[in-house]
Each structure stands twice: as structure tokens, then as C-alpha cells.
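Biologist: I would like to go through this structure with you. Could you begin with the terms I shall need?

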Amino acid sequence: MGVSKLHMLLRRTNILYLGMLLLFCFVPCGVLAQNSTVAPTNNSEIANVACPSGNECFSTEYRNVTVELGYNGQVCPGHTPQDCYNENDPRGFIAGPRQYPAIIYQGDKLIVKSSEKYDFAVKLYNVSKRGFDLCDFKNASPVISDLTRLPFEVPARFIAATGIKYFIAESDNMIIQCQFGLKLEVNVRSRDSCLSQPPSNNNVCSSKGLCAVSGKFFTFNASCVCDTGYSGAYCGERGSCHAKLNPCQNGATCIDKKSGLQDDYNCTCAPGFTGRNCTENVTISSSAVAYTSVMATTVVQVLSTTSSMPSSVISVAATSSVTTKVASTSHLLTMEPSVTTTTVTSSDVPTSSLTPQSTSSILSSSSIKPSSSSILPLTSSILESISSVGPTTSSSSQVIPPSITLSSQIIPSTMTFSSTVMMSSVYPTMPPTFPPTTIPLKDQTCKNNPCNNGTCRDVPDQYGLNFTCQCPKPTYGPRCSTDFTLHFPRFSSSSYLVHKPIAFSAGFNKIVITFKTTATNGLLFYSSHSIYKDFIQLYITDGKLEYRFDPGDYLCVITSKVSVNTGVIVTAVVTYDSRNKQGSLQVDNHPRQNKTSRGKMVGIGLYNDWYVGGLPPGKRIGSNDGGQATPNLVGCIKDIELNGDQIGFTEANDWNDISECDTPCNGTHKPCQNNGQCIPDTNDPHDYECNCTHGFEGKNCKNASVCSGDPCKGGLCVIGKSAANTSRVCLCPFGRGGIECENELSIMTPTFTMAYNYSSFIQYQKPTLSGAYFEITLQFKINPNSTAWNNALLMFSGQNQYQGKGDDFIALGINNSKVLLQYNLGSGIANIESDPIDTTREWHFLTAGRNGKEGYLYLDNNGVKRGSSPGQLTGLNLYSPLYIGGVPDLSELPTDVLFKRGFEGSIANGAVKFGVSQPVIPLLTSQSNSSSHSQWAVIAGRNVGDEGYNNCNTSNPCQNNGTCTQIGAAIVCSCVHGWKGMYCASQEIPCVNHNPCAVNSTCREMNNKAVCDCPLGKTGDTCSNAISIQTPHFKENSYMAFTPTALNIRLNANIVIKFISYNGNGLLFYVAHKITAQNGDFLSVSLHNGFVQYRYDLGSGINPIQSQKNITFNTEHTVTITRNQQTGALKVDDDVAISTTSPGKAVALDASSNFYLGGVPQLSLVNPSAVADVKSLRDFVGCVTSLTINGVPLKLTETRAVEGRNIDNCPAISDSNLA
């Protein structure tokens, strides 16, 4: 029945409604719907786990949840929220009948069917909350195309994101309609409640248990029920000593270390057994070594001898008398009550591999006296046998030496160690080391070995260095590393890439290559048969392109009619059709040139490697097969595709001397504004620095100096207008809002806007899997009075963070009241346009994407629009993040992108996918540690509001009749005449008309007044008082910085920080590739909700770890972080160390910034991945009592720090507060 006919029926009679109410009386109230059926979980790992009574359980496997629509038993009368939800409705309850709500979890399939008891067909629509309450079909998005009596699956795009989803339905039964309760709420819950934080994997309860859920529709509790042998909040702790595991044999006692790690236990062996699991027999002979007592504290020193023999010496000193007998020798070793040293000589004593410690912390009350009277020579085999003997309970006849763990590394003759042994366990330590001062890279030459494993030439390179590195596989320039991804490979006269063989097909073959060069001659690619004369070759000769091919008995040559050595990007297409023996060459959009072989051979057999850009030494192109000898290319090759497959680095057998062509300072795009100087980055060629002119600062020299300091708590400070007076405006980071970003926001439905020529945006991770396929789905609502109808960006991702003509990108937005999809695969722009947007709808549903060259666009209920990109390339290379609603800098969009403004309105229910059969990945609206292949969390954002948030309405901060305006998350006060400042609270603009701060301090406006930020060594309200810093005290907007010149943490790091915290969130330690950039390598230690987090990115992503326990305020804690290339560990106080491994292949931390303690100069420049969310994006508040890096203690004083701000001395610390 049509909706209009139903309304007429309702106006005529109320009998049906009364009848429905009578039916409702038989429905039990206050109980959630029991109309959902769940497919049984088939998981052998957790087959023995029973779901607790009264709970609903789910595992890692997704479920099929079926909801039956009807009116007898399915409808809640809806008089009160308790009728339907058994709890209050936090949204504000609107009375009326509805189906009992359903609950599913992300990834579940939702199956809907009409009640089998009543024969009726149903059609389901997705609506807003308003559409649900009013049964408004006007702006509804149909879930299925027509009425049906059959069960149907709700498409994933409607239920991909978490939150409450609203559906209304119509049917062919005049009684069963939306107004009578045919509408459904579905709460899509995250599976995160039963994922460890941070997640070690994406498995519910670590795949070792079930997630048991109890609660109601709006509120619920979830916890893991673990399988036998597992425990912990997320079943991630393996009970190594569980009876069914039985690791310790022969009557041994098993001691679980409780670290949560599998096989992390100790076995106390029974007499006569030893080994890891007490499975090895021990024979005690008359020559055994017996100790008459066990040392309480032992100090082991490994010293070098002065004899000519390359031997090492082990000296054991004790504070109690110890007698050692060796029955098979004539030596008697006695340790006197005073500290006695026993010297043990060995030519190959292995060193311990445990964590280094400071020598001074070991030698407390005893001094070591060398003794030469008792010398027992031991061989390495004897040492190994001693170290393997476990402790026993006997003190007279059994061997009870310390348990020493030895590695295979040999001690150099000049190395000194000191260790402490407690309870028969040795912890070897290394003394502080002082690396030599590092010469700045710009001043280095080949004498300083700057090329790692590459070959160095004393010839200036394109990055302004005094040397050039020739880098072998697997590294690339400029400094022979693997710490970034090449976007546009550059080849030189010594460069080449050798790719594995790729055979031509028996039919049509097409090769597409994109390159740029100014060289007159150079090889682009070459491949041949190993025996016969078959080959293909594409090269530049006299500035033109020449294509040679031979099926084996006839050489064909095609020379382009246009020059290609113009220094701009050129796309060339060469083909060979084995069916008619015809080849062709086409340059850009110029006419195609053809040539046909006149021989008898048909196919071209290519069984050798492909050579791209040049040939390795010793390899030549044979003239007997018709090939043309040509020099290696000096230029850049962006893409090569053979029959749709990309020839690149992944399957290359070898390469040499390849670097990055796509550098910001050398292109037409000039990133530094206001006459700033662009300085290329020597570690990451995709990055740069700007040397700003006076009065400007920031990454691109766009920020006026009135924004000095960090006035916006991690947000962007811009210059606005308050009445006729210039004032600062804070565009807040994602999750914050207010005049100074002082409020924390919970964002459910993000709102976007334009403010002072800056767009709002949300940043997600890089969509690097988009090469063959990319699709995005979202809903949007346009602000009625905005200019977004004419031009607005909804989504963007590109090949680079700075853009130029010809770069790959994909963009989605609104142009001239139509939705427009644009993408460039490297050979031209595709533009796919929708019908005009329906202005009568509030929310619009949008799906857009591309599969290879072919693109498509769906808007609301309109038909699909299709298009195709020009040229021959089919792959989309995206290396920048995915942005929603805008980008950080609109001026850096590619020149071909038509969107010049950010979006103004709301965007909801976003999701992406990377293949036709690949799962939908929801785009969350929260920051969390749960980003994975199944869902993406927000990484960062700017000036994003929420539909439910308006600070001007709830608590107007503008004073003295100032007008409050909310722009996204920002609050701006427009002052009446006579009042000034960010709050309209002053008759002078603080810090502009009145600056009370002393020389060398900085004035900033905060809470209606001028606040002085003091340099190191100064304190007081106006920074006029001198101070000598002993133990630094940090507060909001404070930090200290130390130069890393003499402390190299590129490959290895050991950092120990002792601190007292007064707040559960804050940045404790930070070092980055550049402090002026939000990308690049970094290492950070932060506090997040009272836990310590350790994060580092070597260029391939992060795998953060978090302390097991939260810290105690006003108490000293010690955090130790280590990193050995990719492997890192975090240890807090005496807790068990937690380890992690960074993803990808990068092993070096390319960080050239200062070491920042307690904060940074501007929080807005911190890499978004360095903290968990906006709560942690703040300065540390508390005291730091010591900082040690690689064994070197840093002096935390104003004279040793290179810069800092607002540091006082820590208040008196009582002994009870010290750990």
C-alpha cells in the first residue's frame, strides 16, 4: 500500500490503532527482542568454552543475525523507554510502537525477513533518527529495491560503522505499517571490548575464548570467558604450568612467570636432573665443584689480561666465606671473609646478552681487591657445563653455582663489564658509552661513511649534500636506506633494475610506461630470449623514442615523430599482437604508429630478465639480435605495466643506484610561503623544511608569529578578526573544541566547515591497497546556507603529501550541485558526474570507486554513472593518508583537482573496500588503538565538530555581550565596541596592546589574560626571576630539549626515565624525523589514561605497546624503553618487560630533531601516530628526576638543555614518594 493511501486510512478511523494496542498488551514489556538467531560458532580453539547463563557470546568469527519483522510478539508498545529497552533512552524518548531492537557486532551479517505467521511482503529503508521517529519516507534510502516475502541481507554499507542504525518499512498489509510499529533500531557494537588494548591481533579474546555480553540496548558489559589454560582480561595469558601442558618432567616443580607469554616458565628440577624441562640427567662425580655456602651478592667483573695471550678473566668477589674444591686438580680455591677475587682464564669466554646497567649502581658497600693466590683455569666447555646446572635444595654435596646465561659472542680484550647477582641470577651490565660527536650530514663527505652499505662518491647530489651515494638492493638513495617508499624512481648513469622474466602472451600484449627525462639517449627497458633472436627494446635516441621488436626472424623499428626529452612526464604505449605480428608505438595523445613483421615467426618469446633504466656491468645488448646499444637512462620512470601487471621493486632480482625523483623543493610546487626557503630533507626525500622569514613560522611559513608558543593545545592557530581587532583563533585538533581547545569532544556525527580558508578534515591511514580497486561509501548532509552546493571536497588521497600535475590521486566532492568523482592513474583525469543533488533530501547516500580504469558513482536512488580514465595505466598509487571532509592545506591539492574548498556539513557512516570480494572497512569517528584491516580509527583531524555539540548554546564563553559563533569545533567571540580579546573580556588585546613579559619570554593570551612563557633559567609571572634548575618541574605548555649530537639511537636505543606524574595523560619523551613535520620517523613515550605507552615508526608503521599497570600519581616511577632495530621493549618499574616488533622492513630510526622531554614547542606538529588520541596530545605535568640515553645520563639543567619553556624546580620530594 502506498504511504499516502495509508495516511488517508488513518484519518478515517482509529480502530486499527486501538486494535494494535490490544495486541501489544500480550507482549511482555521491558525485554529486548528475542527474534534474533545466530549461526553457531565453529571454532575448534574454543570448542570447550561454555557461554555463561544469561549472556550472549560471540567469537572472532562473524555471525548471521536474523531479525523477523511482525506485530505479534515483535512489537514493543513504546509507552515508555523501559517497555522497549528496559532502561532510559539517553537520546530522549519519543513514544510510539516499534519492533523490539536488535544488537549485532561489527562484521556480522544482518538478515531480515517478514513474520512467517503472517503472509506479507516488506520493503526496508534506512533513515535518520528523525525519519525513524516520524516514519518519514521522504529522505529514506531503500535497502532493497522492491517488496519481498523472502529473507534478505542488509547490505554491509548500512551497518558497517558502529552506532544505532534506523530502519523503517512498508508492507503490502494495511495493518502492518511503520506507524503501527514496522520500524527497527539496530545497535551495531564494536568488537573492541574483547580486544586487547593495544591489540596484539584482531581476534576476539585472542581466539582463546568467547566474548560474553550482558546488559541492555544502550548500556552493556563485555568480558572474555577463556579456554582451559588461558587467562587474563583478553585470554592472552598462557598458563604455562597448567596440568594439561605439563612442561616440567621427572618430578620437577613448574613456576609460571605470569608474563602472559606462552612457554614462559621456570622448572625447579629434582636432584639428578637439569635442563629447560628437567629432562637431562646430571652425574655428580668426585671432580664436581661444591660450594659450602651461597653468596648473597656477587659482583662479576670481566677484565682483560695484560699478557700476550688473548684471554679474558672472570673475577668473583663475595662478602661471605666460600670454599671451592676441585677434586680432580691440585688447586684449592678459597674466598676469604674480606672481598676476595677469583680469576678464571679462558681464551673464548662468551659475553652475556642481558641488558646493560651502570657500574656505579652495582658497587655499593664493598670494594674489589684483586687476588692472584687462587687461580682456577676453566675452558669454555667447563663454563658451559657449569652454567647449565640448575639450583638444588642441598647445600653440601650438590653443585649450586649461580645460573649464568651465556651467549656466543666473544668478549673483546679491551671490554669491561660489571654485573649484580641476586638470588643466584646474574644480570651483566655495560658501563656508560660515549659515542663520538656526529658531524652534521650537510658537512659530511665520503670520509665519514654516510652511505651505510652503499658506494660513496665525493660529488654533490640533488639534495644539497657534498656526496652522492650509489645504493645496492635492497636500499635506495639518497643515503642507501629502506626507510621510505619510492614514489617516482630516479635513474642515473650507473642505475639499473633487473626484474624477473615476464613472458608475452600468445595474443595481444601492451606495455605502458610513464617517465620524464632531459637526456638525449637512454634505455627504458629491454628483454630477450635466452637462445633465439626474439627481443623487445624501448629507448631514447636523439631525443626521440624508438621501439624495436623481433619475433625471431624479422626486425621491426618504430621511431616516434615527437621528442620525449622535454623534462615533463611522458606516457608511451607499445604493443605487439602475436595474432597478426603487428606492433605499435604511441606517445601521449599523438597518433599511433604501426609496424608489421614480415617474417614467418609469430610470437615473441621473452625468457630472460627484464632490464629497466639500464644494464648492470658486464651485460650488453647484442647487435646480432637487432638490439641497439644505448647508455643507461638519466631520468625518472614512474610506472611500467605489462598486460596490466606492474613491473616494480617487489619482484625485482636486483637494482643499483636508484633514488627518488619526486622531491618538493625541486619541482614547480613551492611549499614554503611568504618568501620562505625550501630545504630538502636528506633522510626522507619526500619531506622538506622551510626557513621562514621574520614574522612567520610553521611547517610552510604560513603562521604569523602572534601564534608563538602553543596557545591551541595541539590545534592550529590562525589570525582572525574580533570586531575591528586582530585576534587569534584556534582550529582545534580532532576530539577538542572551544576558544582555546579546552573542551574534549565525543564525536558521533562529524561536522565540517571552512574557517579562515582552512578546511576541517579527518585523517585516516594510507589506502596503499588501492592499486587495482578502491571504493568508498558515505552519507552526507550539506549545510543549507553554505557554498558547499557549488564546490566542496568530500574525500581525497594522493600519491604525495605535496602535489604536482600528473600525480596519481582520487578525489570525491561536490561541484556545481553535482557529486563529482575524479581520479588520475598517471595518464589522465577521469571525471564522473552525478545528476543534480536533490535539494529536498536532508541526508544523501553516496558510493563511488574504480576498478582498474573503470569508475562508477551512485548517489541516492539514482542510477549508476560510469566513466573511464584516459591513457593506458590501470594502477592507482596512493601514499598519502585518506582525508575526509578536507585536507590540511587546500593549496597543496593537485592542480587537476576541481575542489578548492572543504566540505560544509555532516558526514556519517563512511567505509572503504579494496576489492569486489574484499570486506567493507568502516571508518570510525573515534581515535583508538583498534585500527586494523577490519576497521580504521581516526588518526588525526582539525576543527571537526559534532551534530550534538554547540558550546555557544550550552555555556556561552563570550563575555560583555560578545556574540558567540561556533565554526566546526572552534568558538569565536565577536566583541562589541570597547571590548577585545579572545573572550571579549579585556579593553586591550592581551599580548598585542599589553605585553607584561620580560625580554626573551613569549606572551600568549589564555583565559582572558596575558600569560608569560618563560625561557629556561627564568620564572615568575613576568619571567623576571632567575632560577637554577636542579630537578625540572613540568606543567602545561612546558618542555626541555636536548641535542642528540653525541647520542646515536638510529639502530639501537636504551632510554631510562625516572618521573613523578600529576596527570594521567601527557607526552613524556619525543624525538622525530623533524619537529616541524607531522610525518616521518619518530619515537615517543607518553601517558594515556594512566598507562605508559611506547610507540615508534621507522617508516613502515607502528605497533604500540602499553604498560600492564597504570602509574600511581605523586610517586616516582622508572620507565625503560629499548629498541634493537625493529624490536622494542617497554618496562615500568619491576614489571615484566613487554616487547613489540615494528611492521615492514625498515630497521633504522631517521630522527634528526632534538630529544624533547615533557612536551614539544607546538603540539600541533607532533606526529599523530605518536600518541593514542587527543587525550595524550598534551604536555606532561610532573617532575623528571633523571633521563639516561644509551648509558649517558643527561644533566637536566638550563645550561645543558638547548631550549625549553616554563620549567621550575620540582617541589620537595619525600623519600616515600621515590620508587
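Modeller: Two strands count as paired if DSSP finds at least two bridges between them. Please note also that this is a predicted model.

Biologist: What is the order of the strands in the open sheet of five strands?

Modeller: The order is 6-12-11-8-9, and the pairing is mixed.

Biologist: Which are the edge strands?

Modeller: Strand 6 (102-105) and strand 9 (141-142) are the edge strands, each pairing on one side only.

Biologist: How many bridges join strand 11 to strand 12, and do they run parallel or antiparallel?

Modeller: Strand 11 (residues 163-171) and strand 12 (residues 183-189) are joined by six bridges and run antiparallel. Within strand 12, E185 stands opposite Y166.

Biologist: A change of topic: where is the place of Y234?

Modeller: Y234 lies in the loop between strand 15 (230-231) and strand 16 (237-238). Its C-alpha atom is separated by 6.4 Å from that of L195, although the two residues are 39 apart along the chain.

Biologist: What is the mean pLDDT of the protein chain?

Modeller: The mean is 77, and 76% of the residues reach 70 or more.

Biologist: Where does pLDDT stay under 50?

Modeller: One such stretch is residues 1-45, for which the model has 73 contacts beyond four places in sequence. Residues 283-437 are also below 50, and that stretch has 243 contacts in the model beyond near neighbours in sequence.

Conventions
Residues are numbered from 1 along each chain as its sequence is written. This is a predicted model: local features need pLDDT of at least 70, side-chain atom pairs count only at pLDDT 80 or more; totals for chains, interfaces and linings use all residues. Side-chain values use heavy atoms; hydrogens and water are left out. pLDDT is the predictor's confidence in each residue, from 0 to 100. Contact means heavy atoms within 4.5 Å. Helices (H or I, at least four residues) and strands (E, at least two) are DSSP runs, numbered from the N terminus.
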